[in-house]
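The points are grouped by topic.

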Amino acid sequence: DDNFASIVVAAKWGRNVFDSIQKFLQFQLTVNISILTLNVICAVIDIKCPLTVLHLLWLNLIMDSAASVALASEPPTDQLLLRPPTNRTDSIITKQ
């Protein structure tokens with residue numbers, strides 16, 4: 001398809017997917033680092049950890065599926081086209 005409107009829509013959806021992946025990774029890193037910190041503190045203080053292995057598996061399963069469904073259903077906006085394109089060599093995890 002040589003229609004320019006199709007190219008604009010594809011760019012908008014591509015940037016939306018990129019943003020969704022960034023948000024998903026930020027969410028997952030936040031949840032997993034929090035769980036890891038809790039477990040390390042419990043191990044250092046030598047107290048019984050409130051989360052068992054089964055709890056951790058369930059947390060990961062529910063957090064993965066809930067976050068992916070929530071972020072995948074976010075529609076693209078026209079504001080995505082106002083920012084400059086992302087370089088292919090840029091990291092997907094940023095300091096923002």
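In this predicted model, the protein chain contains two helices and zero strands. Its radius of gyration is 19 Å, well over the 12 Å that the globule rule gives for 96 residues, so the chain is more spread out than a compact globule.

**Overall dimensions and contacts**

- The C-alpha trace of the protein chain spans about 65 × 25 × 20 Å along its principal axes.
- Of the contacts between residues at least 6 apart in sequence, 80% join residues at least 24 apart.

**Surface and burial**

- Of the 96 residues in the protein chain, 15% are buried.
- The accessible surface of the protein chain amounts to about 7,500 Å², and carbon and sulfur atoms account for 68% of that area.

- The protein chain carries 7 positive and 8 negative charges.
- The mean position of the positive charges lies 5 Å from the mean position of the negative charges.

- K12 belongs to helix α1, which covers residues 4-45.
- The relative accessible area of K12 is 16%; because buried means under 20%, K12 is classed as buried.
- Leaving aside residues up to four places away in sequence, K12 touches P76, T77, D78, L80 and L81.

Methods:
Residues are numbered from 1 along each chain as its sequence is written. This is a predicted model: local features need pLDDT of at least 70, side-chain atom pairs count only at pLDDT 80 or more; totals for chains, interfaces and linings use all residues. Side-chain values use heavy atoms; hydrogens and water are left out. Helices (H or I, at least four residues) and strands (E, at least two) are DSSP runs, numbered from the N terminus. The radius of gyration is taken over C-alpha atoms; the globule rule is 2.2 Å times the number of residues to the power 0.38. Buried means under 20% relative accessible area, exposed over 50%, partly exposed in between (1.4 Å probe, protein chains only). Contact means heavy atoms within 4.5 Å. Accessible areas come from the Shrake-Rupley method with a 1.4 Å probe; for residues, only the protein chains shown count as cover. Lys and Arg count as positive and Asp and Glu as negative; His and the chain ends are not counted. The place of a charge is taken as NZ of Lys, CZ of Arg, CG of Asp or CD of Glu.
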